[in-house]
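I open my notebook on this structure.

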Amino acid sequence: MSVMDTMYGKDIYAPISAERIRADLEALAKFNSTPGEGVTRLPFTKEAREACEFLKERFKAAGLETYEDAIGNIIGILPGRDRNLPAIAMGSHYDTVYNGGMFDGQAGVVSALEIVRCLREQGIELERDLRIIAFNDEEGVRFHRSYLGSYGILGRDQQKDIDTYRDRDGISIREAMESWGMDADRIGEAAWDWDRICAFIELHIEQGPVLCSEGLKVGIVQSVVGFRRYMITVHGREDHSGTTPMELRKDAVDTAARVIAWMGDFARSRSDGTVATAGYLKVSPSVENIVPGSCEFSAEVRSENTESLELFTKGLKEAINAAAELCGTSFDMVEKMDISPVKLSPRLCDMLEESCLKRGLSHKRMHSGAGHDAQEIAVACETVMVFCPSRDGRSHCREEWTDFEDIACAASAAYDVILKL
Ligand code: HGY
Ligand code: MN
Ligand code: MN
């Protein structure tokens with residue numbers, strides 16, 4: 001019994017092992033292109049390949065029928081007694097943001113694997129198959145569009161996207177796939193038959209401040225925010241920053257700055273949890289004494305409230321038109337993502353709550369401010385998410401941290417739901 005176990009009381013998350021969760025997460029974290037500066041594991045890279053091989057080996061060691069699908073997801077199947085029954089699915093993503101943490105996505109993959117190990121150790125044969133899945137490219141930070149892996153199993157047509165979306169070096173998704181020895185024309189083969197799936201569970205770190213500030217162990221996620229993302233490129237003109245009068249210059253940053261300021265003010269004005277972010281900003285030529293000729297920036301809004309999303313889109317277009325008019329610039333605006341808010345399964349939320357009450361796990365029903373594969377899968381089958389706390393609410397940064405015992409608590413609630421299903 002480690003000190004931590006006695007502090008939490010070993011039984012509240014038995015038979016889940018926090019130790020094995022720690023070992024798997026620490027092993028995964030080694031597949032990282034920025035060691036010492038957070039974890040970076042972008043899709044179709046060397047680090048992602050190492051992570052896939054590691055996961056396939058661990059899935060097989062846990063007795064799973066294991067395969068890598070046509071879009072880079074890793075899937076393991078634990079056969080149930082009646083293989084004709086629709087299966088339960090559980091998982092999360094194995095890719096990360098730049099300089100992120102070792103828990104985002106990965107905690108959900110490792111917890112699903114740990115649940116399989118516990119079922120086998122307990123000698124429990126489920127009624128139905130349990131499919132665990134490690135999704136490829138949920139974050140979308142390399143190619144600027146998310147959910148490549150989960151759209152793959154959902155059978156979304158991505159054939160055009162894999163040729164149009166490119167990374168910072170101009171490499172398309174197709175080219176990146178081919179560098180991995182994959183045939184990008186076969187991504188349609190990754191699609192699942194959703195009549196064969198009865199439920200999907202995703203365990204994930206909260207990535208926000210709610211659970212840790214209230215000292216709670218488990219988040220029962222009832223809904224996931226919707227979000228929209230645009231990429232705006234302002235076209236101005238390079239000029240001497242000293243000799244060009246204000247009324248003659250075409251300053252791309254002056255234009256962008258007005259829009260970005262509007263975004264934050266809009267989000268604050270909604271006071272319904274709406275948030276807006278310009279996370280990506282690229283100025284050219286980015287030299288102190290040259291009027292910026294071009295400025296590219298992302299405009300992202302997230303909200304549970306569809307009206308807020310709609311008003312953001314309308315207001316953004318008005319703001320960029322007004323700013324370009326004032327500054328004598330022009331612009332291109334491309335919609336990159338438009339995902340609706342989604343309600344998760346009340347029945348599965350109730351099952352999670354029953355488990356928390358039985359195990360004495362402090363918990364709270366809440367929404368997710370982060371996007372997840374689960375929000376898209378929720379349109380195809382009954383879906384729920386279970387959160388574990390993020391220390392200081394931090395994520396998508398090297399400070400991201402969740403105690404392994406807290407992951408084990410959330411995993412034990414998911415374990416109970418799988419047994420009930
Ligand atoms: O952006 C998100 O909310 C998620 O972390 N991909
Ligand atoms: Mn994530
Ligand atoms: Mn993330």
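**Helix packing and a metal site**

I start with one crossing: H2 passes H4 in a right-handed manner. I note that the model is predicted.

**Entry 1: H2 against H4**

I look up how two packed helices are described: by the angle between their axes and the distance between the axes. For helix H2 (residues 18–29) and H4, I read an angle of about 140°. Their axes are 10 Å apart. That makes H2 oblique to H4, because an angle counts as roughly antiparallel when it is over 145 degrees.

Next I list who touches whom. From H2 I write down Arg-20, Ile-21, Asp-24, Leu-25 and Leu-28. From H4 I write down Gln-106, Ala-107, Val-110, Ser-111, Leu-113, Glu-114, Arg-117, Cys-118 and Glu-121. I sort the residues of this contact and get 7 nonpolar, 2 polar and 5 charged.

**Entry 2: H3 against H4**

I turn to helix H3 (residues 46–61) and helix H4 (residues 106–121). Their axes come within 10 Å and cross at roughly 15°. So H3 is roughly parallel to H4, as angles under 35 degrees count that way. I record this crossing as left-handed.

Which residues make the contact of H3 with H4? On the H3 side I find Leu-55, Arg-58 and Phe-59. On the H4 side I find Val-109, Leu-113 and Arg-117. I sort these residues into 4 nonpolar and 2 charged, with no polar ones. I see that Leu-113 and Arg-117 of H4 are listed in the contact with H3 and also in the contact with H2.

**Entry 3: the manganese ion**

Which protein donors hold the manganese ion (ligand 3)? I find Asp-104 (OD), Glu-139 (OE), Glu-139 (OE) and His-396 (NE2). Along the chain, I write the spacing of the donors as D-x34-E-x256-H.

I then check for a neighbor. The manganese ion (ligand 2) is 3.4 Å from the manganese ion (ligand 3). Asp-104 coordinates both.

Where do Asp-104 and His-396 sit in the chain? Asp-104 is in the loop between strand S3 (87–93) and H4. His-396 is in the loop between strand S14 (382–388) and helix H13 (404–420). They are 292 residues apart, so I note that the pair links distant parts of the chain.

**Entry 4: buried or exposed?**

I look up both residues. Asp-104 has a relative accessible area of 4%, so it is buried. The cut-off for buried is under 20%. His-396 has a relative accessible area of 41%, so it is partly exposed.

Methods:
Residues numbered from 1 in each chain as written. Chains lettered and ligands numbered in written order. Predicted model: local features only at pLDDT ≥ 70, side-chain atom pairs only at ≥ 80, totals over all residues. Heavy atoms only, no water. Axes fitted to C-alpha atoms, helices over the stretch in contact; angles between N-to-C directions. Helix = DSSP H or I, 4+ residues; strand = E, 2+ residues; numbered from the N terminus. Parallel < 35°, antiparallel > 145°, perpendicular 65-115°, else oblique. Left-handed = near helix turned anticlockwise from the far one by under 90°. Contact = heavy atoms within 4.5 Å. Nonpolar A, V, L, I, M, F, W, Y, C, P; charged D, E, K, R; others polar. Donors = N, O, S within 2.8 Å, 3.2 Å for Na, K, Ca; no water. Buried < 20%, exposed > 50% of the residue type's maximum accessible area, 1.4 Å probe, protein only.
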